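Reader: I have the model open on my screen and would like to go through it with you, piece by piece. Could we start with how the helices pack?

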Amino acid sequence: MSRSRLLPLTGIVAALAAWQIGVMLRPASLIPGPIAVAQGISELAVRGLLVKYVVASLFRVTWGYLAALVIAIPLGLMLGMMRIGEMAMNPILQILRPISPLAWIPIAILWFGVGDISAIFLIFLASLLPMTVATMNAMHNIDPVHLAAARNFGIPLRARMRDVLIPAILPQLIVAMRITLGVAWLVVVAAEMIAVNSGLGFLIVDARNAGNRYDLVIAGMVLIGLVGIVLDLLMRRLERLDSVRWGYASE
Amino acid sequence: MKVQFSDVSMRFGAMEVLQRITLGAEEGEFLCIVGPSGCGKSTLLNIAGGFLAPGSGSVTIDGERVTAPDRRRIFVFQERGVFPWLTVEGNIGFGLFDVSEDERRARVAQYIELVGLKGFEKSYPRELSGGMKQRVEVARALAVNPDVLFLDEPFGALDSITRLQMRSELLRIWRAERKTVLFVTHDIEESVQLADRVVVMSARPGKIRRVVDIDIPHPRDLSSRRYIELRDLIFGEIGLAHQV
């Protein structure tokens with residue numbers, strides 16, 4: 001096995017071993033060890049909850065995230081092209097940005113009641129601002145030489161969008177999409193703690209409330225981590241497309 | 001006159017960049033503009049290209065006043081003007097949005113051939129050397145059949161061997177296509193090798209010090225007496241003793 005595979009594996013095994021040993025040395029910590037957590041995960045699988053909860057969480061993230069992209073990318077493009085729009089909108093964006101999506105929970109419940117829509121709305125909010133700002137910034141980072149060349153050839157607006165503006169921002173856009181998906185996945189847990197009865201966030205709250213099943217609490221955490229890393233790896237594949245590879249430093 | 005600068009002046013804030021430039025380039029002429037860094041030669045070219053409005057005075061091309069960039073006159077930047085997200089083919093065909101698909105393909109093939117990039121049609125710029133990228137940009141400019149080419153230190157980022165090769169390539173292409181060329185450089189040797197006439201500018205504020213006719217037929221012998229005479233004349237005009 002190559003070093004690049006062996007070392008990460010060693011790290012994981014060492015961390016698991018340290019965890020197990022720590023739990024055995026200090027049982028009073030009340031934290032279940034990795035073996036108990038693995039049993040918890042298999043229990044979830046057997047009860048059919050594993051797939052159900054992962055799918056439920058992914059479902060909410062997908063809709064909230066996609067809805068945010070559909071609005072944020074065109075909005076960011078527009079703001080990036082029109083100086084006036086940007087000057088008008090930028091203060092609002094900057095003020096909204098430091099507000100945690102979780103602060104919106106009461107308003108989400110007020111508007112959409114307790115349920116799926118509220119959770120999706122929170123994920124949507126969490127994704128909307130970073131994507132809008134990233135798209136706008138990407139527009140500003142376009143090399144002026146490329147804009148000048150496009151102007152020189154006098155190509156019409158639609159072709160300019162398709163052949164210059166969009167491809168020019170695409171590498172940065174993909175990075176922003178990847179980071180934003182990470183944020184959306186972070187928020188899903190909190191969103192599911194409010195008021196739904198499925199999903200990995202619900203699992204964590206429910207396992208604690210219904211009998212202090214800390215093995216299931218940690219199982220939920222582990223699953224969140226694993227799904228998160230899979231999402232990230234999938235998004236990274238986009239960065240290898242031929243028409244965007246120029247935008248990354250390693251090239 | 002094909003390109004005519006009439007009494008062009010320019011200032012950026014308090015800084016006077018160009019002072020009353022009057023200059024003409026004839027149809028099909030290869031005109032080089034040389035001068036020390038910061039003498040405003042690039043600014044002059046950007047005004048002619050329509051990217052900057054002159055502070056006063058005007059530029060006309062075929063008697064028509066230049067107010068904006070136009071696809072009949074194409075500006076060639078250093079090699080970084082190629083679009084890194086398009087292939088060689090995509091770059092060269094970039095300006096051909098208003099012709100049929102067949103004609104586009106034919107023109108792209110023709111100019112790929114002309115600049116010697118056959119076999120690289122599907123390559124991306126990151127897979128090409130600096131010289132090849134510069135060829136792509138020249139081909140992209142020529143493909144839309146402009147009547148004037150503006151080149152702003154196009155070979156400035158290339159190594160000296162590639163630069164020499166690119167000069168003879170450019171001359172070959174220029175003889176084949178007979179465009180009017182305005183070529184800005186700070187390299188005096190380069191200007192004497194390429195130009196029909198060399199416009200020598202002074203340091204800021206840029207003024208025309210002298211216009212030198214290069215009366216040596218192509219291909220030019222770089223060790224001929226006349227070449228050295230003209231080169232030294234320009235060096236002297238810029239105020240550089242030709243010694244290291």
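**Helices, sheets and loops**

Author: Helix α3(B) passes helix α4(B) in a right-handed crossing, a crossing being right-handed if the near helix is turned clockwise from the far one by less than a right angle, and left-handed if anticlockwise. Helices (H or I, at least four residues) and strands (E, at least two) are DSSP runs, numbered from the N terminus.

Reader: Before we go on, what sort of model is this, and how are the residues and chains labelled?

Author: It is a predicted model, in which local features need pLDDT of at least 70 and side-chain atom pairs count only at pLDDT 80 or more, while totals for chains, interfaces and linings use all residues. Residues are numbered from 1 along each chain as its sequence is written, and chains are lettered from A and ligands numbered from 1 in the order in which they are written.

Reader: Back to that helix pair, then: at what angle do α3 and α4 of chain B pack, and how far apart are their axes?

Author: Helix α3 (residues 101-114) and helix α4 (residues 130-143) of chain B pack at an angle of about 140°, with their axes 9 Å apart; axes are lines fitted to C-alpha atoms, for helices over the stretch in contact, and angles run from 0 to 180 degrees between N-to-C directions. That makes α3(B) oblique to α4(B), since angles under 35 degrees count as roughly parallel, over 145 as roughly antiparallel, 65 to 115 as roughly perpendicular and the rest as oblique.

Reader: Which residues make the contact?

Author: From α3(B) they are B:R107, B:V108, B:Y111, B:I112 and B:L114, and from α4(B) they are B:A139, B:L142 and B:A143, where contact means that the C-beta atoms, placed from the backbone, lie within 7 Å. These residues divide into seven nonpolar, no polar and one charged; Ala, Val, Leu, Ile, Met, Phe, Trp, Tyr, Cys and Pro count as nonpolar, Asp, Glu, Lys and Arg as charged, and the others, Gly among them, as polar.

Reader: And over in chain A, how do α3 and α9 pack?

Author: Helix α3 (residues 49-81) and helix α9 (residues 200-209) of chain A pack at an angle of about 125°, with their axes 7 Å apart, and α3(A) and α9(A) are therefore oblique to each other. The contact is made by A:Y53, A:V54 and A:S57 of α3(A) with A:L200, A:G201 and A:L203 of α9(A), which by class gives four nonpolar, two polar and no charged residues.

Reader: How many residues does each chain bring to the contact between B and A?

Author: Chain B gives 18 residues and chain A gives 17. On the side of chain B that touches chain A there are 12 nonpolar, two polar and four charged residues.

Reader: Changing topic to the sheets, what is the strand order in the six-stranded one of chain B?

Author: That open sheet runs β6-β7-β8-β3-β9-β10, with mixed pairing, two strands being paired if DSSP finds at least two bridges between them. Strands β6 (73-76) and β10 (208-213) stand at its edges with a single partner strand each, so one side of each is left without a neighbour in the sheet. The twist averages 15° from one strand to the next.

Reader: Inside that sheet, how do β7 and β8 run?

Author: Strand β7 (residues 148-152) and strand β8 (residues 180-185) of chain B run parallel and are joined by five bridges, and the partner of B:D152 in β8(B) is B:V184. By contrast, β9(B) and β10(B) run antiparallel, also with five bridges, and form a hairpin with six residues between them.

Reader: Where are the cis peptide bonds in chain B?

Author: One runs from B:R204 to B:P205, with omega near -5°, and B:P205 is found in the loop between β9 (197-201) and β10. Another runs from B:H218 to B:P219, with omega near -10°, and B:P219 lies in the loop between β10 and α7 (225-238).

Reader: Last one: what is the four-stranded sheet of chain B like?

Author: It is open and antiparallel, in the order β2-β1-β4-β5. Five bridges join β1(B) to β4 (residues 56-61), and B:V3 stands opposite B:I61 in β4(B).

Notes. Two residues are in contact if their C-beta atoms, placed from the backbone, lie within 7 Å.
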